[in-house]
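Here's a quick tour for anyone opening this one up for the first time. Have a look at the model, then read on for the main points.

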Amino acid sequence: MSRPPQTLSDRSMAIGLRALNRFAGSSVVDRLGLRDPAERFLYGASKTTVRTAASAGRTFAAAQKLAKPVRQPTIPPTGLFDLTPTDEQRMLSESVRDFALARLRPAALEADAACQAPPELLTQSDDLGLTMIGVPEELGGAVSERSSVTAVLMSEALAQGDMGLAVACLAPAAVSTALSLWGDEDQQATYLPEFVGEQIPAASLAVLEPRALFDPFRLETRARRSGGGRYVLSGVKSLVPRAVDGELFIVAAELEGSGPALFIVERSAGSISVEPEPAMGIRAAATGRLVFSDVELPPSALIAAGRPEVYAECIQLGRIAWSALAVGTGQAVLDYVIPYVKDRTAFGEPIANRQAVAFAVSNIAIELDGLRLTTYRAASRADQGKRFAREAALARRLASEHAMAIGSEGVQLLGGHGYVKEHPVERWYRDLRAAGVMEGALLV
Amino acid sequence: MSRPPQTLSDRSMAIGLRALNRFAGSSVVDRLGLRDPAERFLYGASKTTVRTAASAGRTFAAAQKLAKPVRQPTIPPTGLFDLTPTDEQRMLSESVRDFALARLRPAALEADAACQAPPELLTQSDDLGLTMIGVPEELGGAVSERSSVTAVLMSEALAQGDMGLAVACLAPAAVSTALSLWGDEDQQATYLPEFVGEQIPAASLAVLEPRALFDPFRLETRARRSGGGRYVLSGVKSLVPRAVDGELFIVAAELEGSGPALFIVERSAGSISVEPEPAMGIRAAATGRLVFSDVELPPSALIAAGRPEVYAECIQLGRIAWSALAVGTGQAVLDYVIPYVKDRTAFGEPIANRQAVAFAVSNIAIELDGLRLTTYRAASRADQGKRFAREAALARRLASEHAMAIGSEGVQLLGGHGYVKEHPVERWYRDLRAAGVMEGALLV
Amino acid sequence: MINLEVPKKFAVLVSQAHQMAVEVMRPNSRKYDRAEHTYPKELDMLAALIKGMNESGALGGAGATGATRSGNGTAPSSSPGRSGTRNGSNLANVLSIAEVCWGDVGLLLTMPGQGLGNAAIAAVANEEQMKRFAGKWAAMAITEPEAGSDSAAIRTTAKLEGDEYVLDGEKIFVTSGDRADLIVVWASLDRSQGRAAIKSFVVERNNPGLKLDRLEHKLGIRASDTANFVLSDCRVPRENLLGSPEIEPKQGFAGVMQTFDNTRPLVAAMALGVARACLEETRDRLTEAGVSIDYDAPALSQSAAAAEFITMEADYEAARLLTLQAAWMADNGKPNSLQASMAKAKAGRVGTDIALRCVALCGSVGYGEGELLEKWARDAKILDIFEGTQQIQLLVVARLLLGKSSSELK
Amino acid sequence: MINLEVPKKFAVLVSQAHQMAVEVMRPNSRKYDRAEHTYPKELDMLAALIKGMNESGALGGAGATGATRSGNGTAPSSSPGRSGTRNGSNLANVLSIAEVCWGDVGLLLTMPGQGLGNAAIAAVANEEQMKRFAGKWAAMAITEPEAGSDSAAIRTTAKLEGDEYVLDGEKIFVTSGDRADLIVVWASLDRSQGRAAIKSFVVERNNPGLKLDRLEHKLGIRASDTANFVLSDCRVPRENLLGSPEIEPKQGFAGVMQTFDNTRPLVAAMALGVARACLEETRDRLTEAGVSIDYDAPALSQSAAAAEFITMEADYEAARLLTLQAAWMADNGKPNSLQASMAKAKAGRVGTDIALRCVALCGSVGYGEGELLEKWARDAKILDIFEGTQQIQLLVVARLLLGKSSSELK
């Protein structure tokens with residue numbers, strides 16, 4: 001395929017060369033065959049990825065030392081109210097949406113039943129560079145600037161394909177983003193190279209615990225201090241994506257005498273039992289339960305010295321992420337029911353001509369758009385360094401209430417047909433309830 | 001008017017002779033002219049009531065002593081699920097509903113604006129014997145048996161005419177019912193005769209206090225113990241019906257070293273300041289604020305020795321009463337909007353033919369009936385001596401949520417016409433919000 | 001005399017149903033949720049037990065069959081109490097069905113011998129048919145791919161050829177269709193005559209003209225199979241037509257529709273059972289989490305979880321009493337179409353809403369498969385859809401309240 | 001670049017509007033709620049001030065007039081920022097209107113010179129008309145007793161006789177109709193031609209053919225008068241017809257309707273102002289009652305009041321951002337009918353719901369006239385009704401989403 005060089009170069013400078021390279025090297029996008037010609041240049045020759053299952057033997061070790069931690073710069077705000085994504089954001093999210101609709105959606109039914117994302121799909125998604133979005137360019141990252149908004153747009157786009165698979169794809173990115181945002185030089189040097197390499201480790205951010213009214217600021221998982229600055233971790237984490245295959249976890253635990261904090265826990269640390277914990281929805285994320293029984297952790301396991309503001313930011317960004325997924329899946333519902341109610345006839349005309357049906361569609365659209373804007377605002381405040389705890393809480397509240405209602409309405413609009421697995425609305429009913437339940441696991 | 005004697009006699013035995021007598025003596029019912037012939041015998045010759053304003057000079061004093069307090073007997077339960085009112089209940093509530101629709105409804109607009117029930121209407125309502133319903137027959141009461149259900153049915157019927165006027169009419173009955181249920185022999189002998197006489201005193205049960213999240217079990221109005229078993233009352237009561245004219249109050253106060261309790265407070269006690277406190281709705285009840293500044297009360301002021309279960313029962317019965325009013329006014333909304341949406345045309349046909357309009361009517365009916373049944377159940381459990389705190393709480397919750405929605409939907413169904421005072425729905429919008437705000441003031 | 005307590009005379013019935021739910025339904029609940037399309041053999045024993053109890057009168061008719069014997073003007077079986085009111089089989093049925101569905105609604109729906117077809121047969125069969133079909137499990141086939149709630153749009157045809165009706169068409173969403181002995185099929189004698197020409201026909205499951213197309217994979221009630229059938233040249237004896245073979249405008253369809261009035265409170269009762277299961281489980285979990293619920297304190301003065309719980313309980317209570325009201329009216333020969341649809345509408349939506357909210361309150365315990373809450377949230381949804389969706393119920397209610405025909409208010 | 005913060009350039013505007021609300025609106029709020037039909041003379045000074053600020057550009061057009069100058073494809077007045085986006089008069093208007101309505105929505109609605117008729121004139125008047133009607137207060141008369149939301153059913157007729165149009169009919173719900181200098185009256189040139197024949201005419205208030213029938217007594221916004229008029233043989237110069245005098249099927253009515261697209265976000269902004277007033281007052285009251293609100297703890301883990309507050313705030317936020325979105329689109333020349341109606345639908349219902357819930361949270365403080373919460377609960381309701389009811393907005397949204405005409409989806 002011939003590439004018009006000046007256009008590529010122009011674009012590359014504008015939108016971040018590494019991201020482009022990453023996309024150009026992706027075998028997935030090419031195979032989609034969905035790009036219009038103007039965009040096609042972005043994707044290079046197909047690359048055959050042959051890999052061995054490396055997870056069993058992987059050790060995390062710093063290949064090179066860093067003098068100090070590296071952070072992505074943020075985009076300077078323009079000060080204007082604006083709902084236009086940057087070109088980079090638009091292109092990334094369009095690519096991801098194409099991937100989501102072309103790859104995730106068709107695989108979703110089976111992955112849901114199997115409680116497992118197809119391995120080749122995860123490889124394809126890794127090729128998209130999701131784990132690199134939050135990583136500084138100096139450390140091999142994909143995007144020039146730190147942006148929660150970018151991550152929101154990509155999460156939304158993925159979840160438009162399938163929420164469960166989106167969670168499976170995004171789980172390692174939560175770990176790489178956390179290390180990029182808050183890791184010290186050693187933590188970054190030790191772990192980040194694996195997330196910008198060829199073989200992305202299954203990794204997850206484990207916050208949720210199995211009890212009613214779980215509050216991530218009142219954890220029962222505990223890290224005791226032991227000799228030599230070491231920690232001993234005990235507790236249970238629930239609905240951790242890709243837990244069984246997980247090689248690396250960032251675990252939220254109450255640090256003795258301090259408060260809730262994040263710890264890096266390698267699966268190989270031992271004394272960790274893992275079992276599948278399938279749930280109502282997001283089943284393709286292969287959720288599992290982790291039990292830590294006096295797991296010994298080195299001093300270097302603690303992230304950001306346990307600073308409470310880092311932990312709070314982690315929780316808040318996770319909530320925005322789940323709201324973004326709810327937006328994506330909510331959009332899937334809306335896009336599905338509109339043609340359905342126009343095609344479906346009853347009593348001699350399309351059911352869309354009935355006010356009760358039409359108004360239900362209107363309300364899905366209204367609440368969805370309200371949720372979307374609220375989620376964007378929370379992320380955009382994060383990008384601007386403004387406080388965003390309130391905005392994240394509001395987005396979560398909307399996601400919990402309205403995403404639930406959208407899922408339920410989606411089934412209702414299809415009636416009996418909504419209740420069977422021929423149509424995806426039954427899965428969205430289950431998945432959308434996750435937005436009011438999950439904490440952590442994702443970051444934007 | 002000739003009376004078929006055997007029928008009257010049969011009926012009288014069945015439904016309680018005193019109630020009949022009371023109704024027969026009422027000049028109001030006759031003037032309604034609404035009765036079908038079969039019922040007309042119930043109402044005797046018109047009686048002209050000429051009265052002087054006696055309130056200024058009234059003193060409460062026991063005319064005769066009682067050996068022990070007198071209580072109404074309860075109706076033995078049949079053990080069967082049954083939604084049929086007794087004949088007595090049916091007749092009483094029909095009479096009251098006729099009164100409410102013929103007298104209260106037409107007076108409601110003006111009374112709402114004036115924040116005052118017309119005095120002649122209160123006299124007419126007193127003639128109906130509302131204050132006698134809860135009083136034992138031995139003490140001049142009107143109904144043979146104690147029944148919250150009866151009071152619920154009558155409250156509902158009154159509020160179908162107008163909620164604000166219903167509150168004005170029922171406020172003294174709350175006091176007479178409280179004294180009948182919990183007063184000792186002296187309290188009954190001192191006060192009850194006034195409530196079965198010709199000139200019913202303006203009286204109210206004052207529980208509510210002016211603050212957010214008011215909880216009647218955490219009162220700020222306090223009764224300190226002073227010498228000789230006396231009490232000193234201080235605090236503020238809010239939205240007390242007919243407060244300015246009130247001659248007698250039962251006041252909820254935290255009894256020092258005990259808990260919340262009920263006190264009989266005569267207006268003449270002094271150190272009570274009263275001012276009108278008009279509100280969003282139930283304005284015809286002439287709500288006012290009472291300020292007690294170290295009001296000295298005799299030992300005999302305390303009801304039921306401050307037993308906590310009596311206080312709890314009082315609060316619970318009050319909640320049932322407000323739910324009953326919400327049922328009545330909700331029914332008024334439903335009965336008003338049905339013909340309206342059938343008559344009103346838009347886009348060439350009645351708006352009732354539009355699903356959004358029709359479903360709104362359906363939902364009013366459904367939530368109203370659910371609230372009604374829940375309210376009945378709470379009252380019927382009270383009558384059977386079963387615990388009913390939970391059922392009263394559930395009725396209140398439904399009243400707060402659904403009565404609000406019914407009020408709002410009533411306005412919405414009339415559109416701009418619902419917003420102007422030509423139609424009563426705007427008043428019901430305001431009145432129905434009371435169900436989620438008010439505590440005390442009424443008893444069933 | 002107004003009393004909304006469960007009558008004492010049904011205490012044994014309710015307790016037996018509860019025991020059944022505890023001992024048979026709950027232990028098999030997750031098993032058959034996971035093993036969709038596997039017949040729950042544990043039910044065979046239970047069906048025999050229910051049959052025995054029904055015959056002895058102990059249950060007052062706990063299954064779908066019993067419910068339709070009275071109601072809507074037909075004579076109730078129980079004798080009135082001294083207050084003149086009757087508490088009969090309709091009330092007994094909603095109470096026992098709610099109790100069994102507290103255990104598992106999917107298992108109830110596939111209870112041998114208790115199909116919706118049995119209800120239809122019980123409602124309209126003549127004596128000869130009653131006898132011939134006695135003891136058989138009958139499913140009900142109404143819906144078609146293109147028809148949905150619109151029963152007038154039924155395309156399956158029935159043509160009389162000699163002594164046989166020949167049925168042709170396609171039926172979907174047939175509960176227990178593959179497991180039942182009989183299937184009651186709705187078909188039109190003459191599509192040009194609309195609703196009046198719709199009749200129901202009893203088809204033996206092994207009729208060669210009745211071909212199973214597939215079993216649905218479903219969101220919930222996975223213990224209960226849902227079959228799709230193709231009928232082609234499906235011949236049934238003319239004696240298998242239920243009701244009158246004549247096309248009588250209005251009257252004919254009313255008979256068919258009457259089944260719905262009778263089954264709506266039963267579906268409402270199912271939703272109540274699921275909702276109560278959710279509430280009880282959630283209350284336990286909240287108690288573990290240190291939440292106490294105080295019915296004396298105002299809901300808004302308590303914790304958010306307590307207030308949410310009380311709100312859910314309140315809506316549950318409203319739905320429950322609406323359902324009991326509809327059943328009580330049927331027991332007492334009062335027309336209850338309005339109340340039946342109100343009950344179904346309220347219970348259907350409240351059941352789903354409560355289940356979904358309980359999942360969120362219980363966090364990952366609610367969402368995970370370790371407990372049953374997530375399953376109940378899936379099961380509950382069908383109860384707002386089948387036997388007339390929420391929207392159909394609101395239409396029925398509105399038409400009755402507003403005095404509108406189905407052509408005026410569509 | 002995505003950013004949903006209020007732009008810094010409007011900080012002064014918002015602060016001025018807020019000051020106006022604090023110093024003029026709030027202190028007169030209860031006074032004119034009680035003294036319905038009394039003209040709030042305090043507004044005269046304010047109107048002069050606004051006029052001055054508008055002319056100096058300081059306000060960016062805080063009244064209803066400014067909002068309609070751009071939007072829906074017409075050129076926005078502000079210059080785009082470096083990111084290519086414009087923050088112009090539409091955004092400025094919703095921000096300042098919300099702020100003023102935080103003070104009092106009734107008083108805003110009767111602001112001299114800021115009537116809906118002014119918006120109509122600004123949108124469609126020609127240059128000569130603009131000049132002739134400049135500086136006058138214009139009300140808008142659309143609704144008729146029998147028409148409601150059905151603008152096609154307008155019965156008021158306009159007949160050309162020589163150089164005059166003769167108007168005959170009845171108009172209700174004319175905001176500030178008795179106080180304004182001009183009234184823009186919708187009338188049909190030919191009732192047989194439906195919507196296309198509907199035109200708007202400017203009628204001087206002192207026209208002898210325009211008779212005040214009565215002033216309405218209302219649930220809320222009592223500071224703002226609502227007049228009913230009878231037009232009989234009401235003659236206006238033919239130059240007073242706004243827009244084209246020809247009956248052009250479709251095009252003609254679209255012009256008249258366009259006013260609505262522009263005013264819907266403004267009404268949404270009014271609802272936002274009222275809702276925020278309620279939330280702030282309630283938050284203060286809850287703080288007094290010892291309730292703290294923690295945005296980090298899950299809503300369901302907090303107190304019921306905190307959870308309810310957060311839920312209300314969340315819906316407020318959604319309504320607010322939908323409104324800003326609609327205004328931003330208008331500023332940037334993007335068609336926004338869908339977003340305008342979504343904003344109005346959401347803000348209208350959320351405003352009423354929040355106000356009613358805040359009343360309950362604050363108990364008798366909320367319900368009594370001592371504070372303004374109860375008034376806001378009355379005021380808010382009109383915002384879900386006028387300029388197109390909730391139902392009309394949902395219809396508009398549905399038609400756009402589903403590609404349905406108004407005859408298909410009624």
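Before anything else, a word on pLDDT: it is the predictor's confidence in each residue, on a scale from 0 to 100. That matters here, as what you're looking at is a predicted model. For the complex, the predictor gives an ipTM of 0.93 and a pTM of 0.93.

**Confidence in chain C**

- Chain C has a mean pLDDT of 90, with 88% of its residues at 70 or more.
- Residues 58-76 of chain C are another story: pLDDT stays under 50 there.
- Even so, the model has 77 contacts beyond four places in sequence for residues 58-76 of chain C.

**Where chain D meets chain A**

- How many residues does each chain put into this contact? Chain D brings 44 and chain A brings 42.
- On the chain D side, the elements giving two or more residues are helix H9 (304-331), helix H10 (337-361) and helix H13 (390-402).
- H9(D) gives the most to that side, with 12 residues.
- By class, the side of chain D that touches chain A splits into 27 nonpolar, 8 polar and 9 charged residues.

**Where chain D meets chain B**

- Here the contact takes 41 residues from chain D and 33 residues from chain B.
- Five helices of chain D, namely H8 (251-288), H10, H11 (363-367), H12 (373-382) and H13, each supply at least two residues to the side that touches chain B.
- That side of chain D has 17 nonpolar, 13 polar and 11 charged residues.

**Two helices packing inside chain B**

- Helix H7 (residues 148-161) and helix H11 (residues 355-383) of chain B pack with their axes 7 Å apart, at an angle of about 150°.
- Angles over 145 degrees count as roughly antiparallel, so that is how H7(B) and H11(B) lie to each other.
- H7(B) makes the contact through B:Ser148, B:Val149 and B:Val152, while H11(B) uses B:Thr375, B:Tyr376, B:Ala379, B:Ser380, B:Ala382 and B:Asp383.
- Sorted by class, the residues of this contact come out as 5 nonpolar, 3 polar and 1 charged.

**Helix H7 of chain A**

- Is H7(A) mostly covered or mostly exposed? Mostly covered: 14 of its 14 residues are buried.
- Its length checks out too: at 1.5 Å a residue, the 14 residues of H7(A) (residues 148-161) should span 20 Å, and the end C-alpha atoms are 20 Å apart, which agrees.

Key. Residues numbered from 1 in each chain as written. Chains lettered and ligands numbered in written order. Predicted model: local features only at pLDDT ≥ 70, side-chain atom pairs only at ≥ 80, totals over all residues. Axes fitted to C-alpha atoms, helices over the stretch in contact; angles between N-to-C directions. Helix = DSSP H or I, 4+ residues; strand = E, 2+ residues; numbered from the N terminus. Parallel < 35°, antiparallel > 145°, perpendicular 65-115°, else oblique. Contact = placed C-beta atoms within 7 Å. Nonpolar A, V, L, I, M, F, W, Y, C, P; charged D, E, K, R; others polar. Expected span 1.5 Å × (residues − 1). Buried ≥ 20, exposed ≤ 12 C-beta atoms within 10 Å, placed from the backbone.
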